Amino acid sequence: MHWKDLFSPITHMDTKQVESFIESQPEGTYTLLDVRQPGEYEKAHIPGSKLIPLPQLLNRVGELDPAKPVIVY
């Protein structure tokens, strides 16, 4: 998979829209992707999110399921 395919089409969602999306979807049908650094993730993160720091994303994009929507923060 090419990394650009993962983010097409791109939809911008504000916090309330993301919360609504998460509440309306069954667990495991989407991926919450935290692209911050490990120290930031350890201090606070959304439960169930997957950590892939942004500098590592290109090399680790294969860890994401292309069939699931990805919410990146």
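# Questions about this model

Colleague: Is S49 buried or exposed, and what is its relative accessible area?

Modeller: S49 counts as buried. Buried means under 20% relative accessible area, exposed over 50% and partly exposed in between, using a 1.4 Å probe and protein chains only. The value for S49 is 8%.

Colleague: What kind of model is this, and at which pLDDT do side-chain atom pairs count?

Modeller: Residues are numbered from 1 along each chain as its sequence is written, and side-chain values use heavy atoms, with hydrogens and water left out. The model is predicted: totals for chains, interfaces and linings use all residues, local features need pLDDT of at least 70, and side-chain atom pairs count only at pLDDT 80 or more.

Colleague: Which residues does S49 touch, not counting those up to four places away in sequence?

Modeller: S49 sits in the loop between α3 (38-43) and β2. A contact here means heavy atoms within 4.5 Å. On that basis S49 touches L32, D34, Y41 and Y73.

Colleague: How many Å separate the backbone oxygen of I46 from a polar atom of the side chain of S49?

Modeller: A polar contact is a pair of N or O atoms within 3.5 Å; within protein, one must be able to donate a hydrogen and the other to accept it, and residues adjacent in sequence count only if both atoms are side-chain atoms. For the I46 backbone oxygen and the S49 side chain, the distance is 2.8 Å.

Colleague: What pattern does the protein chain follow along the sequence?

Modeller: Helices (H or I, at least four residues) and strands (E, at least two) are DSSP runs, numbered from the N terminus. The chain has 4 helices and 3 strands. Their pattern is α-α-β-α-β-α-β.

Colleague: Which strands stand at the edges of the sheet?

Modeller: Two strands pair if DSSP finds at least two bridges between them. The open sheet has the order β2-β1-β3, with parallel pairing. Each edge strand has a single partner, so one of its sides lacks a neighbour in the sheet; these strands are β2 (50-51) and β3 (70-72).

Colleague: Which residue of β2 is the bridge partner of L33?

Modeller: Strand β1 (residues 31-34) runs parallel to β2 and is joined to β2 by 2 bridges. The partner of L33 in β2 is K50.

Colleague: Which residues make up the largest nonpolar core?

Modeller: A nonpolar core is a set of buried Ala, Val, Leu, Ile, Met, Phe, Trp, Tyr and Cys residues joined through side-chain atoms within 4.5 Å. The largest has 7 residues: L33, V35, I52, L57, V61, L64 and V70.

Colleague: What is the relative accessibility of D34, which forms a salt bridge with R36?

Modeller: A salt bridge is a side-chain nitrogen of Lys or Arg within 4 Å of a carboxyl oxygen of Asp or Glu. In the pair of D34 and R36, the closest N and O atoms are 2.8 Å apart. R36 is partly exposed at 25%, whereas D34 is buried at 0%.
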